[in-house]
Amino acid sequence: MRGPLSDLPLVLEGVSLQAGATTILDRICLTIAPGAPTLIVGPNGSGKTSLLRLCMGLAAPTSGRISWGSRTDPTPTRRAFVFQRPVMLRRAAAANVTYALAQAGAPRSQRTVRAAALLGRVGLANRAQRPARLLSGGEQQRLALARALARDPELLLLDEPTANLDPAATRAVEEIVLAAAQSGIKIVMASHDLGQVRRLAGEVLFLARGRLCERAGTSDFLDHPSTPEARAFLRGDLVI
Amino acid sequence: MASRRSFVALAILLGIASVSASSFAEDRAIVVASTTSTQDSGLFAYLLPIFKAKTGIEVKVIAQGTGQALDTARRGDADVVFVHAKPQEEKFLAEGHGVKRFDVMYNDFLLIGPKSDPAGVKGKDIAAALRAIAAKDAPFISRGDRSGTHAAELALWKEAGVDIAAAKGPWYREIGQGMGAALNTASAMSGYVLSDRGTWISFRNRGDLDIVVEGDMRLFNQYGAMLVNPEKHPSVKKELGQAFVDWLISPEGQAAIAGYQIDGQQLFVPDADKKGS
Amino acid sequence: MIRPILTACCVLDRKKAKVGSQSRKTITEEGLHLLARRLAVACYSIGTMPDHLSALQLILTGDPALIAIVRLSLGVSFAAVVLAAAIGMPIGALLALTKFPGRTILVVLLNAMMGLPPVVVGLALYLLLSRSGPLGDLGILFTPTAMVVAQTVLILPIIAALTRQTVEDLWVEYRDELSAMNVAAVGRMTTLLWDARFSLLTALLAGFGRAAAEVGAVMIVGGNIDGFTRTMTTAVALETSKGNLPLAMGLGAVLILIVLAINAIAWGTGVWSQRLTG
């Protein structure tokens, strides 16, 4: 079913993304290997979302090469994605998770049990039979996490998952992400919240105008940024 | 998931069951192509249960105009034809589509028109009446559908010396529909129409229409029945179809035909002579 | 002779069912029992409806011919909807989700076919199913089966086209998530069809409405045979041509009320389900 294939290390070589005349990403060279969470920061329009989508394989680069564990086939084997606004299937929460399990190839007999475990892991055990579309924003995002974790990923990509959530929900999501990181899953997450970066990140990727400007450990980046764009960004200036 | 699947299965089963129940009697059933006048007059509704009670054969009647009924039989889609246009029936026989033609019953045609009688035809014979209608351009409704009634109407125009193909104008309305529809139209337009007595008696939407000419010998309307030739159309149910034709011309069937009445009036006169042609 | 027998049967049944002076609520239950019993009677079909009774009187006495006609109408249309959905929804979903050369033409064609003239469909099928036609050996001309086929052909484009539009719209919303979950092509179709079920219900109702209302196709391929292929619409056409206009109008009203009731029930079920599942 799912063999010993791995999606890591994720390697981007000279990856560019064009949309017509606009350059969204400009010659990105990047290697993601197992380890502490990597957070991607940058101003709006810097290409964070596009970079994540390319890493997932949802889009193809205009030029350059992406490989997952030295394979270039974009079919996601052991990686998962959490979107900023999750789309819930029109069924119960538990059914959403069993759906994800089924798509990931889990045998039918195991699905109910594993779904219950996943719901417990994200704190939605008491919401199992509730229609997913009737859950609150924070609950839906946690359910999206459960769906992602159902794929038993090595690599979990998240696109500003707490951007629309209140602090309590944000904390719940961050706890789940940290727990996932501690269990060995490589986290790559876009964030707009520097506090979140400080709480979660092992290293930071800073994007500006489609270029990978800086890559450093969290405290190095936050306290001693080396590029002018990063310094401007951390000061709170608009980086145009 | 499981409940969804079983719902779909149930829906499909219900759908099939609800239509299959209606066709359970396929084995002892025949299709008879007949005319709208026999249907609209209610004759079949009266006759067929009697036949079924005696033989257990279900008769399914397709009511079309004579021409269309004979065409249906030519395609092999009917087992028996029961129509009223002798020339067309004899042509059908000559083409080899029918086995033998039997006279079954007759009634007569009537000229129906508005009580106000704008063409002044009341009291005339049919030929004179038609001439008057053509002369005065009074509204006239024609079946226009190659039915027995339509054929009779065209023959009567010829008899009256009116070349209807040349003489027809906006006053002559060909509607291409059955007898009931023609009467409805005549009623709505206060026009004249040729109808068989059976349909007229059972017709309910008369408006200000009434009989204006009747009793003329030329208005005689003969009905005949034929079994469709099984040698030409192997799907024809030979025994069952023949049973129906035989019953129609038997003393029982003939008595049943004579027994059909509306408001005390007999609609059809049985006249089978069993010899056939 | 038939009419006294009919009236006698009705009186007898009424006594058995104890309908008489009962209140409206229990009449529905008794009506269902009556319907079940009349199923057998209707199959033997005593004959045409007595035409001196009004449509209301026929309903109240539970005239077997009327019930047989209603049952056939609903059965044929319902079967056609089920068949058209089984074929049309996958086609619509496929069209929505796959790109291939000529797709646009196919979509336009499908939309145009929603306006197929029923009588033309009936005629085409008649020529196919006639004994002297290519499919004559099936022997289904002038049977309810042919009517189901005709109506399925008529409403298939409606259901397929509306499904295509609905699924296409939903795909815009679901595309990222389903791609991220690596859902295969067939899985996408079934997932989107199920998630779009409330919108698709409207498509089904549209199909049902068209099927129940049409008269041209079923008249030609069914033959309007008394007791076998006579539906509500062909019965209205027949009674009109016999000049029984009040009866025809009454039957028409019955048909409209039945279709209205079905729509109301379907809508109510949909709204209630939607409230439960969000």
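First, the ground rules. The model is predicted: local features need pLDDT of at least 70, side-chain atom pairs count only at pLDDT 80 or more, and totals for chains, interfaces and linings use all residues. Residues are numbered from 1 along each chain as its sequence is written, with chains lettered from A and ligands numbered from 1 in the order in which they are written.

Let's start with chain A. Six strands make an open, mixed sheet, in the order β5-β6-β7-β3-β8-β9. Strands here are DSSP runs of E, at least two residues, and helices are runs of H or I, at least four, numbered from the N terminus. Strands pair if DSSP finds at least two bridges between them. At the edges sit β5 (79–82) and β9 (211–217) of chain A, each pairing on one side only. From one strand to the next, the twist averages 15°. Angles run from 0 to 180 degrees between N-to-C directions, and axes are lines fitted to C-alpha atoms, for helices over the stretch in contact.

Look at β5(A). Four bridges tie β5(A) to β6 (residues 155–159) of chain A, and the two run parallel. In β6(A), L156(A) is the bridge partner of A80(A).

Now, the partner chain. How many residues of chain A are in contact with chain C? There are 16, and they meet 15 residues of chain C. Contact means C-beta atoms, placed from the backbone, within 7 Å. On the chain A side, β5 and α2 (93–103) each give two or more residues. That side has 11 nonpolar, two polar and three charged residues. Nonpolar means Ala, Val, Leu, Ile, Met, Phe, Trp, Tyr, Cys and Pro; charged means Asp, Glu, Lys and Arg; the others, Gly among them, are polar.

On to chain C. Helices α4 (residues 64–97) and α9 (residues 197–213) of chain C have axes that come within 9 Å and cross at roughly 135°. So α4(C) is oblique to α9(C). (Under 35 degrees is roughly parallel, over 145 roughly antiparallel, 65 to 115 roughly perpendicular, and the rest oblique.) Residues in this contact include A80(C) and A84(C) of α4(C), and L204(C) and F208(C) of α9(C). By class, the contact has 10 nonpolar, three polar and no charged residues.

Last, confidence. pLDDT is the predictor's confidence in each residue, from 0 to 100. Chain C averages 83. Over residues 1–31 of chain C, pLDDT stays under 50. Where pLDDT is low, the predicted coordinates should not be read in detail.

How values were computed: Contact = placed C-beta atoms within 7 Å.
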